[in-house]
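Hi,

Here is the structure I promised to send over. Have a look at it first, and then read on for my notes.

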Amino acid sequence: MQNAIRYELTILTAPDKHEQAMKEIVDMFTECYDGAEIVKFDNEGTKRLAYSIDEYEYATYTYLVVDLAPNKCPLWCITQDLDRMEGVLRYLAVPPRKLR
């Protein structure tokens with residue numbers, strides 16, 4: 001994808017709602033956003049949390065690398081949708097690192 005910015009996303013989902021949340025996330029990138037492409041999708045598995053989130057002691061970690069066209073699909077649109085998704089406990093979006 002030309003002029004795309006690559007982001008790394010780590011998404012923590014509730015273990016009992018993981019399958020539905022991941023389906024919604026993949027659909028969001030493939031169908032809803034023009035200018036977004038999933039480059040890497042890695043399910044890291046279920047791990048114990050350092051502290052409980054919404055009464056969950058465990059979360060399923062998913063790592064994504066996505067290319068976003070800044071003029072068509074800004075990052076804030078995606079984070080806003082992740083905030084609204086049921087089953088998503090936390091997420092972290094990291095912009096690309098610049099080499100010096």
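Predicted model: local features only at pLDDT ≥ 70, side-chain atom pairs only at ≥ 80, totals over all residues.

**The whole chain**

You'll see 2 helices and 4 strands, and from the N terminus on they come in the order β-α-β-β-α-β. The C-alpha atoms fill a box of roughly 40 × 35 × 20 Å along the principal axes. Of the 100 residues, 34% count as buried. Among contacts with a separation of 6 or more, 74% are between residues 24 or more positions apart.

The 4 strands make an open sheet in the order β2-β3-β1-β4, with antiparallel pairing. At the edges sit β2 (36-53) and β4, each of which pairs on one side only. From one strand to the next, the twist averages 20 degrees.

If you want to trace the pairing, start with β2 and β3: 12 bridges join these antiparallel strands, and A36 has L68 in β3 as its bridge partner. The two strands form a hairpin with 2 residues between them, and D54 in the turn has a positive phi of about 50 degrees. Then look at β1 and β4, which also run antiparallel and are joined by 6 bridges. There, T10 has L92 in β4 as its bridge partner.

**The helices**

Helix α1 packs on the sheet and touches β1, β2, β3 and β4, with its direction at about 15 degrees to that of β3. Helix α2 lies across β1, β3 and β4, and runs at about 165 degrees to β4.

Which residues of α2 (residues 75-84) are buried? They are I78, T79 and L82. Seen down the helix axis, these buried residues fall within an arc of 95 degrees, so they line one face of α2. What do they pack against? Their partners are β1 (5-13), α1 (18-32), β3 (56-68) and β4 (88-94), which puts the other helix on the list as well as strands of the sheet. On the other side of α2, you'll find W76, D83 and R84 exposed.

Cheers

How values were computed
Residues numbered from 1 in each chain as written. Heavy atoms only, no water. Buried < 20%, exposed > 50% of the residue type's maximum accessible area, 1.4 Å probe, protein only. Arc of directions from axis to C-beta. Contact = heavy atoms within 4.5 Å. Pairing = 2+ DSSP bridges. Axes fitted to C-alpha atoms, helices over the stretch in contact; angles between N-to-C directions.
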